[in-house]
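Hello,

Here is the structure I promised to pass on to you.

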Amino acid sequence: MAEPALAVEGLEVRYGAVTAVRDISFAVDKGEIVGLIGPNGAGKSTTLNAIMGLVPAQEGSVRLAGTSVLGRAPESIAKAGVSLVPEGRRIYADFTVEENLRLGLAARRGRQGRLALAGAYELFPVLREFRRRQAGVLSGGQQQQLAIARALVAQPDVLLLDEPSLGLAPSLVDDVFAALADIRDGGFAVLLVEQRAQRTVALADRTHVLANGELRLTLEPADADDTDRLVSAYLAG
């Protein structure tokens with residue numbers, strides 16, 4: 001049996017005396033979206049940052065296709081096949097759209113990939129239209145599309161997304177979630193942190209609920225219509 005694209009086992013992250021993430025385990029295969037939901041402070045972003053090597057993990061393991069990356073620098077983890085789209089987009093406003101996309105090529109590995117610049121423009125046509133404009137003039141939704149596209153041109157095996165719908169109008173949220181489905185269909189392994197619990201549960205192949213740094217429950221797409229269970233799980237303390 002093939003190793004998962006991403007396997008997290010027994011992960012624990014502490015900030016001094018405070019344990020932010022405690023003994024969590026999950027896996028993401030190629031062509032899957034796995035969601036992480038839960039209240040603010042549950043440990044969702046910390047989990048992404050620990051996978052990316054931005055914060056140290058005190059216990060556990062993080063493996064990419066069976067190879068440990070725990071303890072590596074973020075640049076090394078990116079080269080190994082992980083891209084992170086952080087909360088807040090963090091695009092370069094004074095650069096053009098295409099210059100922002102080309103920055104994503106810095107982490108690209110020397111092989112033909114599923115999405116380079118042409119593929120990014122195919123997934124997000126508005127970026128082709130505005131490719132010579134400064135990124136700072138784009139709308140919030142367009143900037144989010146740019147942030148996702150920049151991560152994809154690096155040809156990652158694993159895509160980590162932190163709150164990609166944050167602050168977007170409902171129609172733009174629809175666009176982002178539709179793009180995530182297309183990305184999954186392209187064979188990527190996607191780990192999605194989101195506050196939009198119902199949308200995430202409906203989209204993802206499975207969704208893990210975090211509360212107080214612990215994995216409390218796993219939901220399937222059919223659970224998206226079970227409002228009582230979803231609210232109870234999301235508010236677990």
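Let me start with L159: leaving aside its neighbours within four places in sequence, it is in contact (heavy atoms within 4.5 Å) with S83, V85, A151, L152, I183, A189, V190 and L191. A second, separate core of 29 residues includes I24, A42, A50 and V82. By nonpolar core I mean a set of buried Ala, Val, Leu, Ile, Met, Phe, Trp, Tyr and Cys residues joined through side-chain atoms within 4.5 Å. Buried stands for under 20% relative accessible area, exposed for over 50%, and partly exposed for what falls in between (1.4 Å probe, protein chains only).

Before going further, a word on the basis: this is a predicted model, in which local features need pLDDT of at least 70 and side-chain atom pairs count only at pLDDT 80 or more, while totals for chains, interfaces and linings use all residues. Residues are numbered from 1 along each chain as its sequence is written, and side-chain values use heavy atoms, with hydrogens and water left out. Helices (H or I, at least four residues) and strands (E, at least two) are DSSP runs, numbered from the N terminus.

Which residues touch the most other members of the largest nonpolar core? They are L146, I148, L159, L161, L180 and I183, out of 35 residues. At least two residues of this core come from each of helix 3, helix 4, helix 6, strand 7, helix 7 and strand 8 (189-193). Helix 7 is the main contributor, giving seven residues.

The loops on either side of strand 7 are worth a look. Q155, in the loop between helix 6 and strand 7, has a positive phi of about 60 degrees although it is not a glycine. Q155 is buried, with a relative accessible area of 2%. E163 sits in the loop between strand 7 and helix 7 and, although not a glycine, has a positive phi of about 55 degrees; E163 is buried as well, at 8%. S165 lies in the loop between strand 7 and helix 7 and counts as buried at 2% relative accessibility. Beyond its neighbours within four places in sequence, S165 is in contact with V173, F177, E194 and R196.

Elsewhere, helix 1 (residues 44-51) is mostly covered, with six of its eight residues buried: K44, T46, T47, L48, A50 and I51. Just after helix 1, G53 takes a positive phi of about 80 degrees.

Finally, L103 in helix 3 counts as partly exposed, at 37% relative accessibility.

Best wishes
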